[in-house]
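Hi,

Here is the structure I promised to pass on. Have a look at it first, and then read my notes below.

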Amino acid sequence: MTRIILTRHGHVDWIAPERFRGRAELPLSELGRRQAEALAQRIAESWQPAAIYTSTLSRCVDTGAAIAQATGAPAQALDGLVDTDYGQWQGLTHDEVRQRWPEEHRLWLASPDMAMIPGGESLADVLARGTRVLREVLHQHAGKTLVLVGHDSINRVLLLQCLGLPLSRYWRLKQDPCCINVFVIEEDAFTLHRLNETYHLAGVAAGS
């Protein structure tokens, strides 16, 4: 049995009001650092991961570093876990994108699996690289517990893949900062045990 603990990085600017963050290098906010510490403690208390893999963006690297410090597991950054490339949309709000690319934005919300982001990736592109990461880490750590630290978008895509659901269901899942998802792999079958769990963050509030 192999266990994957899939989490998202802590809070950063551009989450509220929401912008297309993508490949922008955004550091963890003070709230994000506290969330990462609470997440790290939760993982350390419940599991003994053999390895931690993160996106190459600093918000994930720093979240993974907090988990590594709490658990003693080594952390490594992988390109395949990076956020979606939003191309010309990166850094813009939804209103700004809607004004400049009304049809493309409508399709992104209505049929995300069919959307083509100008200069960016499709969800099929994200799925292809995400599944490559899964195959690699599962091959290297069969029978172990692993932590993957990703982003809202890559996490949704990976969860859909593990549940055998189409990319058209992209908006049916939610991923809060430093949430916990857990799925177990036995004989190539994926079983979801936890989804977007955040109770470990109950005592972490802005300004506290």
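**Salt bridges and rings**

Arg23 and Glu121 join their side chains in a salt bridge, 3.2 Å from N to O. The term means a side-chain nitrogen of Lys or Arg within 4 Å of a carboxyl oxygen of Asp or Glu. Element names follow DSSP runs numbered from the N terminus, with helices being H or I of at least four residues and strands E of at least two.

Before going on, a word on the ground rules: this is a predicted model, where local features need pLDDT of at least 70, side-chain atom pairs count only at pLDDT 80 or more, and totals for chains, interfaces and linings use all residues. Residues are numbered from 1 along each chain as its sequence is written, and side-chain values use heavy atoms, with hydrogens and water left out.

Are the two partners buried or exposed? Arg23 is partly exposed at 31% relative accessibility, while Glu121 is buried at 13%. (Buried is under 20% relative accessible area, exposed is over 50%, and partly exposed is in between, using a 1.4 Å probe and protein chains only.) Arg23 and Glu121 also belong to a salt-bridge network that includes Arg129. Over the whole structure, the search gives 12 salt bridges.

Glu30 forms a salt bridge with Arg33, the closest N and O atoms being 2.7 Å apart, and another with Arg34, where the closest N and O atoms are 3.6 Å apart. Arg33 sits three residues from Glu30 in helix α1, about one turn of the helix; Arg34 is four residues from Glu30, also about one turn. Glu30 is partly exposed at 44% and Arg33 is partly exposed at 40%, whereas Arg34 is buried at 17%.

Now the rings. How many aromatic pairs are there? The count is eight, where rings of Phe, Tyr and Trp (its six-membered ring) pair if their centres lie within 6.5 Å; planes under 30 degrees apart are stacked, over 60 edge-to-face, and the rest tilted. One of them is Trp108 with Tyr170, a tilted pair at 5.6 Å centre to centre and 55° between the planes. That pair also links distant parts of the chain, since Trp108 is in helix α4 (residues 102-110) and Tyr170 is in the loop between α6 (152-163) and β5, 62 residues apart.

Trp171 is partly exposed at 35%. Tyr170 has a charge over its face as well: Arg156 is 5.1 Å from the ring centre. (For that, NZ of Lys or CZ of Arg must be within 6 Å of the ring centre and within 35 degrees of the ring normal.) One aromatic cluster takes in Phe20, Tyr86, Trp89, Trp101, Trp108, Tyr170 and Trp171.

Lastly, Glu187 lies in the loop between β5 (180-186) and β6 (189-197) and is exposed at 80%. Glu187 and Pro118 are 40 Å apart in space, C-alpha to C-alpha, and 69 residues apart in sequence.

Cheers
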